[in-house]
Amino acid sequence: MESNPIRIGTWNVLTLREDAKLLQLVSEAQQMELEILGLSEVRRPDFGEHRLASGHTLLHSGLGGLDNDGRKYRGVGFLLSERARHALLRWDLVSDRIIIARFKTDQARNLTILQVRAPTNSASPRDKKQFYSELEAEVEKVPQGDIRILMGDLNAQIGSDNKKYNHIMGTHGVDPPDKNGPLFVRFCNAHNMVIGGSLFRHRLMEKITWEMPKGYVKKQMDHICISKEWKKCLLDVRSVKSADIASDHLLVVGEIGLALETVQRSVEAAIGDPFNINLLSDRNVKDSFVMELRKRAENLPSTGTVEEQWTAIKDIFITTSEKMLGVVGRPGTKTEEWVSEETWQMIAKRKEAKAAIQLAKTVKKRIEADRRYTELKEQVDLAFQRDKQMWFDALAAEGEKAATDGDMKQLYEIIRRLKGDELDSNKPIQSKHGQLLTNSSDQLERWFEYFGQLLTPPTDNQSETQRQQLSPLQVTRISEVNSEEPTLQELEAAIVAMECKSEPGIDRISAEILKADPKLAAEMLRPLFCSIWKNATFPTDWMQGILVLVPKENTDTTICDNWRGVGQLCVAFKVLCKVILTRIQQKVDATLRRQQAGYRVGRSAIDHIATLRIIIEQMNESNGSLYMVFLEYEKAFNRLNHTYLWSALTRKGVPDKLVKLLATLYNSFAYRVRHNGLLSNPIRLQAGLIQDCPLSPLLFLIVMDEIMIGAIDRQPKRGLVWMEEQHLNDLSFAHDIVLLSTRHADMQSKLNDLVNYSTAAGLTINISKTKAMDVNTDKPSSFLISGQRVKKVVSFQYCGSMLATDDYSRNEN
């Protein structure tokens, strides 16, 4: 038998909606040394897995619902210690009444715990039958051989008479049994579950788990049960009067003669914690850092393979950063330390007042103790409100200072904390077939599958001959570009231009580390860059990007399509791309169509919005006809065909040396999804552009320029007559395009051509998001794209501004 048994518990907490209640719960769990705490009536509005700053993990469901008396009751969960989290094999959110967790133990058997909240005695027979049918189905799914524990608020008092069921219950239950008691006992009998609270001889006050306010009714309705064959492992079950979070239920604690064992994960852990780069803002720290870096760089080899050179450079930056800067842990969630010591002292007094209620010998003393406890509960609530307001005011002052200083990253972080957004939150996502996945390993596999499909090019039905025929013939080539090895000055300038406050790649080296001494960093990197230039090979780290998952606002986050992956790259790789960008950007920009405003210096969507409003106004005033189609591509940056991209760069006049470098990189580049502290297997980039790469926006514009030249400019008189007999066919902001025509046939012709040229580049128009508008037209806009009809609207939000056909000055929402 295990000499140090693990302690588990179950508690109906009434609510964990407020952060203050969660803080108190964590404090009580720590004091009671609980490894696994089952929770009933969680009542939080969301659901999922949340890492807390204390090291605990909260697993819970939070689906909405009402009890038969109209009160909200939904939600069950677990609060796990760090040790229990490491032993967690999986957990499943069954419903708002049932949650299941499975743990690895030292007994060559796994431990499966079902935490439940059963219907009350006054609930309808239908509700009770539905609950026990659902519970029975889940119990039968528990793997054979697992140690099973059923616990929670069963809303059932079983009594002490065990004549019919002495094999699954003892004689120490509280009398009398209620209406739910026999139902619960029969369920345990059917599934060989021993009711722990009836086995151990304790005082009545250690059996009671719920009492009505004023103490007039007391019941034993929260239970811990265990598989009959593992009955000897259950060493004790009792309620604890000293624990208090202002609930009318008492904490029930059980001791089990088992030990939890850490699960060895088969997937790779994510990169380490980031370095504390904020220290570099201190001049003394920065000087010491550069001095240490320079000292280590003296022995840097300038020869060897590309991988060997990069490894030596990376080791110098990493070891210097570890020594001089240290690391900062990633923040937890929902447990900001805003509670004052005075409030914690008040909570301690409230606990003492609750203990006094139990010790009261007379009715008068009981009434007085109840009154004192109620007063302290109100005082604690007010103290929490005061502390939260003070914390809020202090953060708001920090945010105002950050905004004044122009520190947008710090401002965003403060806003996130004020809103209560959770950084370290793992919510269930749906599998391909709609099943909710709650476990990190299952979710990581799903993300691997999702991004694998996203980064795979769609089936290409066009032959190479057809694609060549669709290549535009009027592309303006750029003037000669330097394709020699990067100079020291170019590298230094590129390093200086790197954006700070952005997350590093898989190597953990941030821009701030390189910018501590740009000249020194350039000197260290140049031999490596020359080798890369000569051999057209890249370090392994550079060919791996990290995808960080970010949810889209106001969407169902269980659906993978409602998340986007934000790329993180090695900064040294971005420096190389910045050098190439600097060499070609101005020359390429000078050749792009005037209608394109995306990613271009001195141009913005505001100009396009103003132009469209003027056009609509003039058409309304002159009673002229106008057709408009607002086009949007489907995941354009992720669908671009690489073969088409390299051909487009060559046609644009980009030197073969640079095209070959980029093609080599893209052919080997892969993403790895970072999720819940883990990294997925590599997902090869088979289509689309590399996120967070300085070159990607310009590469995209080059391709879009070709598409528009081929599809639109080859027949320029299909648009709106503009100045000097010119025609305005479109306005573009990156891949957001609005086509303009005065004739229905011209618009349909342009759409057909645009579909063909876009398909050649691997792009597909998102018909569900493409909309048509018309002004003063005899023939209503009824356009087809690939056989599907485009929806007509009377208003459309273009680049964040609302446009309407009947009122060009309509107020924006």
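A residue is called buried when its relative accessible area is under 20%, exposed when it is over 50%, and partly exposed in between (1.4 Å probe, protein chains only). The model is predicted, so local features need pLDDT of at least 70 and side-chain atom pairs count only at pLDDT 80 or more, while totals for chains, interfaces and linings use all residues. Residues are numbered from 1 along each chain as its sequence is written, and side-chain values use heavy atoms, with hydrogens and water left out.

An automatic or database domain assignment supplies the domain bounds. It divides the protein chain into domain 1 (6-256), domain 2 (277-325), domain 3 (344-419), domain 4 (423-595 + 651-686) and domain 5 (604-641 + 688-812). Between the C-alpha centres of domain 1 and domain 5 the distance is 59 Å.

A nonpolar core is a set of buried Ala, Val, Leu, Ile, Met, Phe, Trp, Tyr and Cys residues joined through side-chain atoms within 4.5 Å. The largest one has 125 residues, and Trp542, Ile690 and Ile707 have the most contacts inside it. Beyond its neighbours within four places in sequence, Ile707 is in contact (heavy atoms within 4.5 Å) with residues including Tyr633, Tyr644, Leu754 and Leu763. A second, separate core has 32 residues, among them Leu93, Leu111, Val252 and Ile256.

The structure holds zero disulfides, a disulfide being a pair of cysteine sulfur atoms within 2.5 Å. Cys188 is buried, at a relative accessible area of 0%. Its closest cysteine sulfur, in Cys225, is 4.2 Å from its own, which is too far for a bond. Cys577 is likewise in no disulfide, with the sulfur of Cys693 the nearest at 3.6 Å. Cys577 counts as buried because its relative accessibility is 2%.
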